[in-house]
Amino acid sequence: MGGKKSHIANQIKRVRLARTDLTQAELGRLIGATRQTIIAIEAEKYSPSLELAFRLSHVLNEPIEELFQFSGEWD
Amino acid sequence: MSIIADMSEPERQSWVTLLADGLVFLWFWDAIAPGWSFSPYNFSPSETGTLFFKLILVAIFYNAIIAAAFALRRRKNEVDQDERDVEIQSFGARIGYMALQFGVVLVIVGLLLSYVIGDDFVGPLDFYAPVKVLFTLVCISYVADLLRHGAIVARYRVV
């Protein structure tokens, strides 16, 4: 995947690897997303919906503002 | 990991449908306009009916086979489609719809010009015979569908 990066940065990969033993597929299954979507989110190619962001926050047990940061710029 | 193994199920289904649509479209085009020209062969009404009937049967058959094959592959407790897939499919549907609209407008303009100008109308396609109108409409429908699936598989590489 070689697309443009999103304006929303995230710490999903860091938090997932540091605080859980979850694989991308397992995390996807827990939040109702495919492994490919987790890959795209971690690569910051895809910004999840607010609901999916909250599900990630819930499953990873991290406040949403710790997981996602807005760059403050947009097109 | 190979590119195919890394695809989600909806992405794989779009690829398979794109290839099947492309092959069937090439077969139909060659059958109705030998050598893939823009002038359909002057078929009799019964030959035209038979050819379009075959196309409808083939289209139903391969779409059913693809849908059944992907339904059988679906595993319990596996997420096989999510919001990203829905968003990408909506993007493809929008592209396909715009192509279809554009094609239909072209046919309307062509029909109007054929009717208003009559024998003096010289265009890449004329609409004097029903088989030509049918050929053009099927082409537009297939091209729009190919663009839809093409846009989907391209979008999967971007987001």
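This briefing describes side-chain packing, ring pairs, backbone angles and salt bridges in the structure above. The structure is a predicted model, in which local features need pLDDT of at least 70 and side-chain atom pairs count only at pLDDT 80 or more, while totals for chains, interfaces and linings use all residues. Residues are numbered from 1 along each chain as its sequence is written, chains are lettered from A and ligands numbered from 1 in the order in which they are written, and side-chain values use heavy atoms, with hydrogens and water left out. Helices are DSSP runs (H or I, at least four residues), as are strands (E, at least two), and they are numbered from the N terminus. Burial is given as relative accessible area, where buried means under 20%, exposed over 50% and partly exposed in between (1.4 Å probe, protein chains only).

**Nonpolar cores**

- A nonpolar core is a set of buried Ala, Val, Leu, Ile, Met, Phe, Trp, Tyr and Cys residues joined through side-chain atoms within 4.5 Å.
- The largest such core has 19 residues, and those with the most contacts inside it are Phe28(B), Ile32(B), Leu55(B), Tyr62(B), Phe135(B), Val138(B) and Tyr142(B).
- Two or more residues of this core come from each of helix 1 (9-32), helix 2 (45-73) and helix 4 (130-158) of chain B, and helix 2 of chain B gives the most, with 7 residues.
- Ile32(B), leaving aside its neighbours within four places in sequence, is in contact (heavy atoms within 4.5 Å) with Pro40(B), Tyr41(B), Phe43(B), Leu51(B), Phe52(B), Val131(B) and Phe135(B).
- Apart from this core lies another, of 16 residues, which includes Val15(A), Leu27(A), Ile31(A) and Tyr46(A).

**Aromatic rings**

- Rings of Phe, Tyr and Trp (its six-membered ring) pair if their centres lie within 6.5 Å, and planes under 30 degrees apart count as stacked, over 60 as edge-to-face and the rest as tilted.
- The structure holds 5 aromatic pairs over all chains; in one of them, the ring centres of Trp29(B) and Phe38(B) are 5.7 Å apart and the planes stand at 55°, so the pair is tilted.
- Within that pair, Trp29(B) is buried, with a relative accessible area of 16%, whereas Phe38(B) is exposed at 55%.
- The rings of Tyr41(B) and Phe43(B) have their centres 5.0 Å apart and their planes at 65°, so this pair is edge-to-face; Tyr41(B) is partly exposed, at 49% relative accessibility.
- One aromatic cluster is formed by Phe25(B), Trp29(B), Phe38(B) and Tyr142(B).
- The charged end of Arg155(B) sits over the ring of Phe91(B), 4.5 Å from its centre; this description requires NZ of Lys or CZ of Arg within 6 Å of the ring centre and within 35 degrees of the ring normal.

**Positive phi angles**

- Most residues other than glycine have a negative phi.
- Glu44(A), although not a glycine, has a positive phi of about 60°; Glu44(A) is found in the loop between helix 3 (35-42) and helix 4 (50-60) of chain A and is buried, at 16% relative accessibility.
- Asn61(A) likewise has a positive phi of about 60° without being a glycine; Asn61(A) is placed in the loop between helix 4 and helix 5 (64-67) of chain A and is exposed, at 68% relative accessibility.

**Salt bridges**

- A salt bridge is a side-chain nitrogen of Lys or Arg within 4 Å of a carboxyl oxygen of Asp or Glu, and the structure holds 9 of them over all chains.
- Glu62(A) forms a salt bridge with Arg19(A), and the closest N and O atoms are 1.6 Å apart.
- Glu62(A) lies in the loop between helix 4 and helix 5 of chain A and Arg19(A) in helix 1 (residues 12-19) of chain A, so the pair ties together parts that are 43 residues apart in sequence; Glu62(A) is buried at 12%, whereas Arg19(A) is exposed at 51%.
- Glu9(B) and Arg12(B) meet in a salt bridge (2.3 Å, N to O), and both lie in helix 1 of chain B, 3 residues apart, about one turn of the helix.
- Glu9(B) is buried at 18% relative accessible area and Arg12(B) is buried at 17%; together with Arg73(B), these two residues are linked in a network of salt bridges.
- Arg157(B) is partly exposed, at 34% relative accessibility, whereas Glu11(B) is buried, at 2%.
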